[in-house]
Amino acid sequence: MKWKKRSQNNQAARIFMKLNVQIPGSSYPIVIEKGCLSHLTDWIDPKRKTMLVYDTGIPAKWVELVESQLSNCFVFCFEQGEGSKTMQTLEQCLIAMSDAGLNRKSQVIALGGGVVGDLAGFAAACYMRGIDFYNLPTTVLSQVDSSVGGKTAVDLGSVKNIVGAFWQPKAVLIDPNVLQTLDPRQIAAGLAEALKMGLLFEEDLVEAFEKEDLDLTYIIARSIDLKRMVVEQDEKEAGLRKALNFGHTIGHAIEGSFEDHDYLHGECVGTGMLYFIEDETLKNRVIAIEDRLNLPRIEEFDLARVRELLRHDKKGNDQGIDCVFVTKPGQFEFRTLQPEEIDRLVEKEIFV
């Protein structure tokens, strides 16, 4: 990873990083730069008819900053939260796109976290069989993970991400400045996904969480670079990319078991990872990191509901459910378990 400098119109040099995702037919840049939301026209044509998608949790200053740079912009705003990631919200977004007269030359821009990116990307994939999509992630979770890779989806009932499509963005623009307005709980939940990347692929990234001062920009950049490398090798999750489901098998079920969405996605993934770390020393190390991040210890949930949701896991097949176990930082293995075997894992006390 290398940071670069650039100057325009005799202005002070801007420090940025540009990573390129190289997928046949869908190559695109990931730009990491403080203040890049103020320079959208470096990467996005401001004259194209645009649907800007965001939710009620996005501070008005970021919406106004983006909208002010687009000359032919329409907006679709929906209620913040996982509860809005539904077919109904998707339909409303598509109707708004149609009412605005978007055509095959138009574009969709997602401004927000993972829910916004998933929903807006899926709408772009569906509308007129696919139009251009740009992702401007504004949460740690979306910046370190979900904004890259082209997985878009909505939930169906309590089953997460079961209806969707692979639709790669034209560019991902990551502005660390937007995190200044982010709730500390959201930051911590996003860092759980970054910790996941370190546990899977690189011990140095795990060690970054154990340093006295967290280098948030480094953690974001390294996490998304690892995600980029995985996506380039396995766009459609036929092999290596399945490893990114580490923590999600039980984590998704725990998340869905709370009807009022009591816990954030990253918080549930943080707990879900612990069930698939068999080495007690490593598990305690991860618990110490999660405690430092102030991630909640989710010890009480509806066990029967979790078991039910596990049986709807989209990673399931006729042989069982594909699970990811981390044996040591940077090393993992796949195992196919029967639902009953995962039931026994869920029954275990992980915080001792």
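Trainee: How many cavities of 30 Å³ or more does the structure hold?

Mentor: This is a predicted model: local features need pLDDT of at least 70, side-chain atom pairs count only at 80 or more, and totals for chains, interfaces and linings use all residues. Residues are numbered from 1 along each chain as its sequence is written, and side-chain values use heavy atoms, leaving out hydrogens and water. A cavity is a set of points, on a 1 Å grid over the protein atoms alone, where a 1.4 Å probe fits but cannot get out. For cavities of 30 Å³ or more, the count is 2.

Trainee: How much space lies in the second largest cavity?

Mentor: Take its lining (residues with an atom within 4 Å of a point). Among the lining residues are Gly117, Asp118, Phe133, Lys151 and Trp167. The space inside the second largest cavity is about 50 Å³.

Trainee: Which helix and strands each supply at least two residues of that lining?

Mentor: Sort the lining by class first: 3 nonpolar, 6 polar and 2 charged. Helices are DSSP runs of H or I with at least four residues, and strands are E runs of at least two. The suppliers are helix H3 (114-126), strand S7 (132-137) and strand S8 (151-156).

Trainee: Where does Gly130 lie?

Mentor: Look at its contacts (heavy atoms within 4.5 Å). Leaving aside neighbours within four places in sequence, Gly130 touches Ala124, Ala125 and Trp167. Val66 is 64 residues from Gly130 in sequence and 23 Å away in space, C-alpha to C-alpha. Gly130 itself sits in the loop between H3 and S7.

Trainee: Are H8 and H9 oblique or parallel to each other?

Mentor: Helix H8 (residues 248-257) and helix H9 (residues 265-274) have axes that come within 7 Å and cross at roughly 130°. His248 and Ile254 of H8 are among the contact residues, as are Cys268 and Val269 of H9. Angles under 35 degrees count as roughly parallel, over 145 as roughly antiparallel, 65 to 115 as roughly perpendicular and the rest as oblique. H8 and H9 are therefore oblique.

Trainee: How many nonpolar, polar and charged residues has the contact of H5 with H9?

Mentor: The axes of helix H5 (residues 184-201) and H9 come within 7 Å and cross at roughly 40°, so the two are oblique to each other. The contact includes Ala189 and Leu195 of H5, and Glu267 and Met273 of H9. Ala, Val, Leu, Ile, Met, Phe, Trp, Tyr, Cys and Pro count as nonpolar, Asp, Glu, Lys and Arg as charged, and the others, Gly among them, as polar. The contact of H5 with H9 has 6 nonpolar, 3 polar and 4 charged.

Definitions and conventions:
Axes are lines fitted to C-alpha atoms, for helices over the stretch in contact, and angles run from 0 to 180 degrees between N-to-C directions. On a 1 Å grid over the protein atoms alone, a cavity is a set of points where a 1.4 Å probe fits but cannot get out, and a pocket is an open set with protein on both sides within 12 Å along at least five of seven lines; lining residues have an atom within 4 Å of a point. Grid points are joined across faces, edges and corners, and a volume is the space filled by probe spheres set on the points.
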